[in-house]
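Reader: Please take me through this model, from overall confidence to the packing on the sheet.

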Amino acid sequence: MGCLLSKRCVFIKSNQEDVSSDSQNKKQTEFRYIDGRRFHNAENVVYHLPNDEDEADRLHIQHFLIRYIWQSNFSAPVEHILSKPGAKILDIGCGAASWSFDIATTYPLCNVIGLDISPYQPTQIKPRNFEFIKANALEGLPFADNTFDFVFQRFVLVGFTIKKWPYVINEIVRVLKPGGYVELCEPSNLFDGGPATQRLLNYGEAELIKTQGGDIDVYQKLEKYLQDQEQLENIKKEMKQSYFGKKHNNLEFSKANTGNVINGLVSLKPVLTKTLQVSDEEYDELVKTCEKELLDLDIYFYMVRAYASKIIANNNNESIIQNNL
């Protein structure tokens, strides 16, 4: 990837943004700032994590942790597709574009489009075959039917409402080419957590997601969402179980995996202190205790990948009928 820490990188700015006062006003209304962190301020957006450089750093590290856990960037049988010149790949909710950049670099013959509600991908390491599109998937995908060979979507549970999941899946199938693949990946909440971990994540963030209309258990429903689509076949599901504790992993991985959760909780501080109704000091103590619990206890979570291919319409029978007329 060439640059892991986005603080050293230049971030993509929206095409509409310039140094004019109008663009500055637009930027101020597009984002809101809480305790020094930058958050989305767009309409119809439920995503509650920040979208600043610190969060981009966390997302980059999270990408490599996910890749390490799975030992791959995807599970769908799309190696031949990605290696095909001109193949079109869509990454929905690309965030800091870590997955997109990884794929674009590994498969330089394909064209990768990252879609998100904000452009904050580093430019200094942007592959030539990557393009960013600013759009909200909850309002529809701005592409023609049968455009993409592979559509990938990962860790969007904090940005999607329960009501919108079927709609987005419909949109994915619409823009997917016949014979192309879709892959969804989502995590569970944490299991067997200590008191601080449960309060922060099993109650705090879970309650926040529920209040915003989200589904903390969507990882259990990905396969069903694909099965409900009449245009998909070869539907598969894979699951990984990942522990945080030192006795289950090498120390380096445990610290990195734990650090990702802790940094996520730091990012959520402006929001979760209100949800939990605690002071900043109390929240910091909870996070410190949670870090110790993650390293010392048998806390784990699941990740699910569900994938399928779009049915290729069989026109043989129609051809036979026409020939007999």
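**Fold and confidence**

Author: This is a predicted model. Of the 325 residues in the protein chain, 54% are buried.

Reader: What average pLDDT does the protein chain reach, and where does the pLDDT fall below 50?

Author: Residues 1-26 have a pLDDT below 50, yet this stretch makes 51 contacts in the model beyond near neighbours in sequence. Residues 316-325 also stay under 50, with zero contacts beyond four places in sequence. Across the protein chain, 87% of the residues score at least 70, and the average pLDDT is 86.

Reader: Which strands stand at the edges of the open sheet?

Author: The sheet has seven strands with mixed pairing, in the order E5-E4-E3-E6-E7-E9-E8. An edge strand has a single partner, so one side of it is left without a neighbour in the sheet. That applies to E5 (130-134) and E8 (232-243).

Reader: Which residue in E7 is the bridge partner of Arg 154?

Author: Strands E6 (residues 148-154) and E7 (residues 176-187) run parallel. Six bridges join them. The partner of Arg 154 in E7 is Cys 185.

Reader: Helices H2 and H4: what angle does H2 make with E9, and H4 with E4?

Author: Helix H2 (residues 53-70) lies across E6, E7, E8 and E9 (300-310), and it runs at about 80° to E9. Helix H4 (residues 98-106) packs on the sheet, touching E3 (88-92), E4 (111-116), E5 and E6. The direction of H4 makes an angle with that of E4 of about 175°.

Notes
Residues numbered from 1 in each chain as written. Predicted model: local features only at pLDDT ≥ 70, side-chain atom pairs only at ≥ 80, totals over all residues. Heavy atoms only, no water. Buried < 20%, exposed > 50% of the residue type's maximum accessible area, 1.4 Å probe, protein only. pLDDT = per-residue confidence, 0-100. Contact = heavy atoms within 4.5 Å. Pairing = 2+ DSSP bridges. Helix = DSSP H or I, 4+ residues; strand = E, 2+ residues; numbered from the N terminus. Axes fitted to C-alpha atoms, helices over the stretch in contact; angles between N-to-C directions.
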